[in-house]
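Notebook open, structure loaded. I want to look up a few things and jot them down as I go.

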Amino acid sequence: MLENYLPILLFLLIGFAVGVGALAAGFILGPHRPNSEKTAPYECGFEAFEDSRLKFDVRYYLVAILFILFDLEIAFLFPWGVALKQVGAFGFWAMVLFLGILVVGFVYEWKKGALEWE
Amino acid sequence: MTFAMLKLAAASPEVLVLVGACAILMVDVFRTQEKNTKKGAEGAVLTYWLSLILLFLGAFVTFLGFGKHTGLALNGYFLKDSLGDLLKLFIYLAAFVTFVYSRDYLRERGLLTGEFFVLALFSVLGMLVLVSASSFLTVFLGLELMSLPLYALIALDRDSATASEAAMKYFVMGAIATGMLLYGMSMLYGATGSLDLGKVSEAVRHGDQKHIVLVFGLVFMVVGVAFKLGAVPFHMWLPDVYQGSPTPVTLFLSAAPKLAAFAMLLRLFMGALEPLAVEWQQMLAILAVLSMAVGNVIAVSQTNLKRMLGYSAIAHVGFLFLGMLATNPQGYSAALFYMITYSLMSLASFGVILLLSRLGFEADRVEDCKGLGERSPWFAAVMAVVMLSMAGVPPFLGFWAKWEVLRTAVDAGHVSLALVAVAFSVIGAWYYLRVIWFMYFEKAQDTAPLVPTVGMGVLLSANALALLYLGLFPSSLMAVCVLVMGAH
């Protein structure tokens, strides 16, 4: 049973070797002459002027979570819409049930003001 | 595929709880728009009563359908049997008792919001699904639906640093446990080609697979389940979570999810992996001894009552595993009896802590019990009953639970393990009895009068009296446990 996985193991090993090999070859064979201009942090051509670890508003997080939720809903709706003829009335009502549960959550977040940015 | 083929009648309690919890969420969100106002608090009280009614209705429907429509439903993903029905009844009971005990504590601290009840109800729904799982998928679904609301519940008091820490710890540990469990499931799925617990069991019994793959999967499943139940060496989260959570959440956490996690243990090991019993027996034996040793010994040195009860929970899990070791229906029913007993005792013990607490004062140190015998002789007696029952002193219920587990262990030939269990129980008796000593033989430091609400006073008394009554007449509960295991 495990021998079926041998190609995958080989693939992993070769992939790893290629990745490491290219970097290692560049590191060993290439010239290595650093100066202050070369080692300076580089940000789209501008001078780096602040730390990249910023505090940001927790509301981005909330919006991101809500986005994922409804994004997945859409992703789930597409195959259902394509296969609606095959899944029939049962599939239709099963999806209505699923959407109904999501609507409950949606009403809750709306009422709680999670969608308001002020 | 039609709706009739789903046999939804078997899952009617789950459907009821789902619809009810959604409806309660809607009622709550439309009633309590103004936060921290009088109207808002009234709305949460309405949510409280609706939640109690929903739990009662759920228990009623489960009771009416007890042992009926048994068999597989929902395309074979859902198993309805009387074992599940019994555990579900106690899950409703635990949640109901939790709500009643918690109400005053939450109101005093401004935590009485609809979210507490709705999250707990969704967690209860997850437990119901987990109890009736008959496929790895349903096990996973139920487990996650049970755990996710719990993480949020622990962090309910979001200004409390300890609660946030506890929630974070529980979340990370819970994620690791789930990952372990899933990895084990994927191994077994790979080896047997099925997610259905019955088919997995059949495939393992025929033994066409590489034994090593099965055992590999089994190890990960044992780790996952041990994490959830808090057995040593996977117990590190448990004392911190017990101590850090708001006490009502600790109360909820200590009873209902344990019943569901125990159901998961039974479904996976008694159900799907019974043919591998020889292997998991050894693993559970090690976990049982370690849990009893570490739980009981470390609990002795605790000064925080909630933390002490956390270590005591670890020790009780050790006893639970001891019951599983016999791998026969007697052993399983003894473990079931032990789990139900533990949940009743745990409810009462945290109930007393909630009773002693008030705004600005958490009665979570063992010293806070000092002088309770003078302040309130009745509730001191309640606490004494609970502690004696936990220590396993006759004639209380805890004695019979320990007795049954030890008896089946000895019958199955695990005499040395039984002796170890007795030795650690004796050590364990020390810290339970210390609480009683504090209550009756020490001066009170805290002299504020105790004024429980009627509902809490009555229910807490009934809870302790049940421990005494069932201890005097244990045969009915024991017979039910044997019946549901035999009928399986």
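**Chain B, overall**

I looked up burial to begin with: 56% of the 488 residues in chain B are buried. I call a residue buried if 20 or more other C-beta atoms lie within 10 Å of its own, exposed if 12 or fewer, and partly exposed in between, with C-beta atoms placed from the backbone. A note on what I am looking at: this is a predicted model, where local features need pLDDT of at least 70, side-chain atom pairs count only at pLDDT 80 or more, and totals for chains, interfaces and linings use all residues. Residues are numbered from 1 along each chain as its sequence is written, and chains are lettered from A and ligands numbered from 1 in the order in which they are written.

I get 19 helices and 2 strands for chain B. These are DSSP runs numbered from the N terminus (helices H or I, at least four residues; strands E, at least two).

The C-alpha box along the principal axes is roughly 70 × 55 × 40 Å.

Of the chain B contacts with a separation of 6 or more, 79% come from residues 24 or more positions apart. Contact here is C-beta atoms, placed from the backbone, within 7 Å.

**Helix α18(B) and its cover**

I took the length of α18 of chain B, residues 454-472: its end C-alpha atoms are 27 Å apart, in agreement with the 27 Å that 19 residues should span at 1.5 Å a residue. The expected span is 1.5 Å times one less than the number of residues.

Which residues of α18(B) are buried? I find B:Leu460, B:Asn463, B:Ala464, B:Leu467, B:Leu470 and B:Gly471. A reminder to myself: an α-helix has 3.6 residues a turn, so residues three or four places apart point the same way. The cover over the buried residues of α18(B) includes α3 (82-108), α13 (329-356), α15 (377-391), α16 (397-411) and α19 (475-486) of chain B.

Next I looked at two of those, α3(B) and α19(B), which pack at about 140° with axes 7 Å apart. That makes the pair oblique. Axes are lines fitted to C-alpha atoms, for helices over the stretch in contact, and angles run from 0 to 180 degrees between N-to-C directions. Under 35 degrees is roughly parallel, over 145 roughly antiparallel, 65 to 115 roughly perpendicular, the rest oblique.

B:Ser82, B:Leu83 and B:Leu86 of α3(B) meet B:Val480, B:Val484 and B:Met485 of α19(B).

Most residues other than glycine have a negative phi, and most peptide bonds are trans. I noted these exceptions.

- B:Val232 to B:Pro233 is cis, omega near 5°, and B:Pro233 sits in the loop between α8 (211-229) and α9 (237-244) of chain B.
- B:Pro394 and B:Pro395 are joined by a cis bond, omega about 10°, and B:Pro395 lies in the loop between α15 and α16 of chain B.
- B:Asn75 has a positive phi of about 60°, and it is exposed, with 12 other C-beta atoms within 10 Å.

**Chain A**

I count 4 helices and 0 strands in chain A. Buried residues are 0% of its 118.

Terms used. Contact = placed C-beta atoms within 7 Å.
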